[in-house]
2 protein chains.
Amino acid sequence: MDDLPAEFARIARHFRPLSGPGSLDLTDDAAVLAIPPNRELAIAADAMVAGVHFLPDDPPDLIARKLLRTNLSDIAAMGAEPFGYLLTVSVPAATPDAWFAAFAAGLAADQAEFGVHLLGGDTTSTPGPITLSLTILGTVLPGAAIRRSGASAGDGIWVSGTIGDGALGLLAARGELADPTGFLTDRYRLPQPRLQLGRRLAGIATTGMDVSDGLVQDLGHICRASGVAAEIDAAAVPLSAPARAAGMLERCLTGGDDYELLLAIAPAREAALLREAAASGIPVTRIGRFLRGAPRVTVRAADGTEMPLPRGGWSHFAQ
Amino acid sequence: MDDLPAEFARIARHFRPLSGPGSLDLTDDAAVLAIPPNRELAIAADAMVAGVHFLPDDPPDLIARKLLRTNLSDIAAMGAEPFGYLLTVSVPAATPDAWFAAFAAGLAADQAEFGVHLLGGDTTSTPGPITLSLTILGTVLPGAAIRRSGASAGDGIWVSGTIGDGALGLLAARGELADPTGFLTDRYRLPQPRLQLGRRLAGIATTGMDVSDGLVQDLGHICRASGVAAEIDAAAVPLSAPARAAGMLERCLTGGDDYELLLAIAPAREAALLREAAASGIPVTRIGRFLRGAPRVTVRAADGTEMPLPRGGWSHFAQ
């Protein structure tokens, strides 16, 4: 029938090329797929809203890639391997076809980079801002998922990469911070999910999560889930050169959008961690330790005094 | 830590009680669960936007239940068994706690009715209308999923329940149609996913989908997927007494929100269909037949002439 409604034609044009095994070409009521024997399903969902999680005039391909990557970061934090995703897209009725083309091109680029494909979803109109939701699927060996609840007093606190670039990148993208090289803005717009590292950490990290709501707040989640206290040495927190130049340490420690891994590593596993980090090409840094005590995060300044920090961040459940 | 941000406390209060096996208490980066051996995963996602898919002042519990049920309807249409879901909720920052309490109560009621539980998700704020996305998970025997692509010339076209109540219920909810008993409004606000029937139809229905975008448009999807034409006898389409009284046949045939099953049944399988429909307590009605020919839906009036119908509806991919 050539009087296919425009919305369906748009799906066929922009989204069907992104679909893969199990998607049934996006033409059925649901995707149907087999999970490999001896693997468990790891699944998470995150939403992003224009004006809240991205800037309304951000390039659509970067919006798409950030949406996919923030979800991939959750899969990385579980030590799982991603394979597919479902996507719901609510956009103003007047959104031009070129927006969808660019959005899909961003997804296509990251599908190729991360080995995932589109399984299904929904497009709707909205009288409000662009609102996106993505559900990411991966698999993990039974019992191998890296949980938040396993940290013990004596474990070291480790992070991958550098902390704070995303939060400073948001300031830069808003024109509130100089970013001559564009490094910080890139880090805000295009997170790097640490899949290569995460999948190597089963049996090495006793606990892990990704840093999305700010280092201090997210470390607090581990403390609550594990029943331990945590102490960070502020001077040990790895900052990129642009973040160091910005001189906004507190913002780096409490801002969000890092998408680095935050890990609990027993001393006996440090060598294994460093070996796997080297093999994955992602640096890791020890920034503190877990301690006996009520769940609490203490940040020590270079002189040993406690830095008072506000808390904040976004909410999410099992993100 | 007792300075847990309010958003996390809200999740703990309203959403954690809805969580179940695999959710890891909604405190981890992803849910992790085993799919039973010899079952495939069926998975679909749908979004709903205030002012588009529901009325902004609809009761929150009914919004929640409609969101869950429209997704369950997709699982029913695949002949699968639902077990869990992920949910993303974007709401204005000023949304009162009572809204979340009522929303969660609606989910709890339908979780009990349909045997599903919350696996994970995300809550965010939005400067726009309430926007919800739900990803439903179910399982199905390998190869048993009811697809859209299996209809053959000679198969009968069947529907469950009655058609058009949802579209008329929207008019009634808007005050544009009298609905003295509230039947139509209820049908709009609280779809009945045909899970009991759907799961019995593997091996009986050659093709199936749920009617969400309007009978004629959705039948067109089957025609395209199966490479057949379809002819409906308008007088055979089952209408409820209130829908019949409203005298808006065209609206019933093309409106959305039915969430009934639309099936292709070979003549040799009709007896089996009727037996399973009786066992499930859901009536089914033969409304036409598939024919050889290019994908096209013809609706015949009682006098045999073709009814000209506009097409329309919402878009969705693999909803």
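Copies are superposed by least squares on the C-alpha atoms of residues with pLDDT of at least 70 in both. In this predicted model, chain B can be laid on chain A with an RMSD of 0.0 Å by a turn of 180 degrees and a shift of 0.0 Å along the axis. Such is the relation of a two-fold axis. B:Gly128 has the C-alpha of chain B nearest the axis, 2.3 Å from it. The same surface serves both copies, since 99% of the contact residues of chain B recur in chain A.

Between the chains, 75 residues of chain B are in contact with 74 residues of chain A. On the chain B side, strand E2 (residues 40-49) gives the most, with 9 residues. Strands also pair across the two chains: strand E2 (residues 40-49) of chain A and strand E1 (residues 31-33) of chain B run in the antiparallel sense over 3 bridges. There, B:Val32 in E1(B) is the bridge partner of A:Ala42.

Within chain A, the division is into domain 1 (6-26 + 36-140) and domain 2 (156-300). Their C-alpha centres lie 25 Å apart. At the boundary, 17 residues of domain 1 of chain A are in contact with 17 residues of domain 2 of chain A. Helix H2 (60-77) and strand E3 (81-91) of chain A each supply at least two residues of the domain 1 side, and H2(A) gives the most, with 11 residues.

The table gives the residue classes of two contact sides.

Definitions and conventions
Residues numbered from 1 in each chain as written. Chains lettered and ligands numbered in written order. Predicted model: local features only at pLDDT ≥ 70, side-chain atom pairs only at ≥ 80, totals over all residues. Contact = placed C-beta atoms within 7 Å. Helix = DSSP H or I, 4+ residues; strand = E, 2+ residues; numbered from the N terminus. Pairing = 2+ DSSP bridges. Domains from an automatic or database assignment.
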